[in-house]
Amino acid sequence: MTIEHKVHVTFPGRLIFIGFGSIGQGVLPLILRHIGGLSCDRITIVTADELGLACAQEYGITHLVQPLTRENFRQVLEPLVGRGDFVLNLSVDVSSIALIKYCWERGALYLDTCLEPWPGGYTDPSVSPSRRTNYALREEALALRKLKDKDKTPKPTAVVTHGANPGLVQHLVKQALLNLAVDLKVDAGDPKTREEWAALAKSVGVKVIHIAERDTQMPSLPKRMNEFVNTWSVEGFISEGCQPAELGWGSHERNFPRDGRKHDFGPGCAIYLMQPGAATRVRTWTPRAGYFHGFLITHGEAMSIADYYTIRDGDQLVYRPTVHYAYHPCDSAVMSLHEFAGRNYRLQDSKRILMNEIESGGIDELGVLLAGHKNNAYWYGSQLSIDEARTLAPHNNATSLQVTVSVLSGMIWAIENPALGVVEPDEMDFRRNLEICMPYLGPVVGEYTDWNPLHDRSRFFVEDIDTSDPWQFKNVRVV
Ligand code: NAD
């Protein structure tokens with residue numbers, strides 16, 4: 001299928017990629033197609049290794065191997081970043097907070113797909129588990145808004161966590177809520193503010209939001225021993241998989257997990273479990289895969305969606321959905337994770353991001369499952385296949401394309417809205433983002449299911465369930 005290569009916006013500044021792995025390489029052709037006025041001689045790539053060098057050379061783009069550190073990042077970026085430029089942070093191990101502050105000093109726009117700390121930030125044993133969560137990283141990013149308030153000058157837009165999830169899924173939640181409202185005959189009105197969206201989620205009766213993803217892409221060359229295989233960053237996946245599992249904690253929950261912990265700072269919208277996400281499984285459902293067990297890997301959207309859709313009356317919590325990721329990565333990644341955990345969470349000696357060797361037929365089914373309402377559960381999302389992804393854009397697989405098109409839409413939105421400071425996906429115009437993303441997402445479908453986490457429960461051998469409400473997290477969690 002060919003799609004129209006519409007130029008959505010023109011950008012007169014320079015573009016600096018920090019990191020040029022699977023997502024950087026995948027987004028480059030989309031940027032050149034859809035953002036006008038950006039010639040390759042105004043793009044520079046700064047990375048830690050030679051990954052993507054061939055791709056950069058194909059486009060004639062400067063590729064600097066210069067790992068950024070706490071000590072050197074200002075000096076490296078100084079000649080590359082100025083007023084009106086755009087810093088696209090698609091790296092691991094480079095602090096998002098440090099880069100945002102730097103972009104504000106220089107007058108540059110910023111976007112990342114994940115809030116990253118400097119190396120060790122996720123695993124430093126001298127830091128409490130609570131401070132190693134995405135909840136804590138998000139609080140640090142949101143606290144940057146106070147800088148704006150102090151000196152009263154509007155800061156350049158810094159879009160945080162705008163990939164597929166987090167990112168695209170926040171926009172899918174809004175469309176799914178509107179679809180549900182139509183089917184449940186609830187008057188949705190035209191929600192614009194956070195309060196109006198939260199009121200809509202409450203009135204359609206959503207108790208639970210899973211970011212439910214099943215990746216079925218398969219390599220022609222199977223995973224070998226002592227190798228970690230994935231369809232996107234191995235380092236990125238390992239880091240988030242080793243963080244404590246985190247979830248937005250809903251107002252309908254009656255059973256606090258025995259290993260659950262609350263934070264003693266911030267809005268209190270989420271909790272964490274005293275075990276890594278890579279060892280925490282949850283029951284979920286997607287239309288093509290049916291029901292399955294996914295990993296509850298921590299992700300920024302679990303916190304930001306839960307916070308965005310919170311309703312309070314004074315100090316009293318009135319409404320909040322439980323929100324978390326439920327991820328079944330490709331089967332090779334599941335085997336890799338199993339081997340990794342068995343090595344006591346020590347990374348294998350080799351790693352591979354699947355791209356050209358992916359066999360025909362696999363899909364990445366990524367969407368949002370809104371559950372606990374009168375129609376039980378509704379999934380809305382993308383069923384992009386590897387075959388369609390290959391026809392849509394070079395240097396992508398199905399997983400990366402869902403991420404890269406969302407990076408593109410976030411960049412376009414930032415260029416169109418250049419002075420808003422720190423912005424989360426929930427706060428952006430979901431229609432504008434979806435309009436840009438849709439042509440690259442393959443079939444985007446909404447489907448209902450009568451499945452719930454207590455389905456076929458005689459098979460669990462578990463006595464400790466709550467039959468009064470299937471959508472209690474206690475029932476969702478696989479113990
Ligand atoms: P990758 O592992 O393929 O590439 C990582 C890149 O970071 C490499 O180019 C590497 O050289 C660079 N890098 C590492 N250390 C660096 C340093 N100190 N200075 C400069 N560059 C450095 O990763 P990827 O799959 O392209 O993912 C990139 C980022 O996007 C990761 O943070 C990942 O977690 C995130 N991501 C988010 C989503 C989402 O949906 N939100 C999806 C996929 C990936």
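Guide: The centres of domain 1 and domain 2, taken over C-alpha atoms, lie 26 Å apart. The domain bounds come from an automatic or database domain assignment. Domain 1 covers 9-159, and domain 2 covers 168-395 + 440-478. Between them, 22 residues of domain 1 are in contact with 30 residues of domain 2. Contact means heavy atoms within 4.5 Å.

A word on the source. This is a predicted model, in which local features need pLDDT of at least 70, side-chain atom pairs count only at pLDDT 80 or more, and totals for chains, interfaces and linings use all residues. Residues are numbered from 1 along each chain as its sequence is written, and side-chain values use heavy atoms, with hydrogens and water left out.

Now Ala245. This residue sits in strand 11, residues 244-248. Strands (E, at least two residues) and helices (H or I, at least four) are DSSP runs, numbered from the N terminus. The relative accessible area of Ala245 is 0%, so the residue is buried. Buried means under 20% relative accessible area, exposed over 50%, and partly exposed in between, with a 1.4 Å probe and protein chains only. Leaving aside neighbours within four places in sequence, Ala245 touches Ile271, Tyr272, Leu273, Gln275, Pro276, Gly277, Thr280 and Leu296. Pro117 is 128 residues away along the chain, and its C-alpha atom is 17 Å from that of Ala245.

Next, Ser332. Its place is in helix 11, residues 331-342. Ser332 counts as buried because its relative accessibility is 4%. Leaving aside neighbours within four places in sequence, Ser332 is in contact with Pro219, Lys223 and Val229.

Step back to the whole protein. There are 15 helices and 24 strands. Of the 479 residues, 62% count as buried. Among contacts between residues at least 6 apart in sequence, 75% join residues at least 24 apart. Along the principal axes, the C-alpha atoms fill a box of roughly 60 × 55 × 50 Å.

Last, the surface. The accessible area is about 19000 Å², with 51% belonging to carbon and sulfur atoms. Areas come from the Shrake-Rupley method with a 1.4 Å probe; for residues, only the protein chains shown count as cover.
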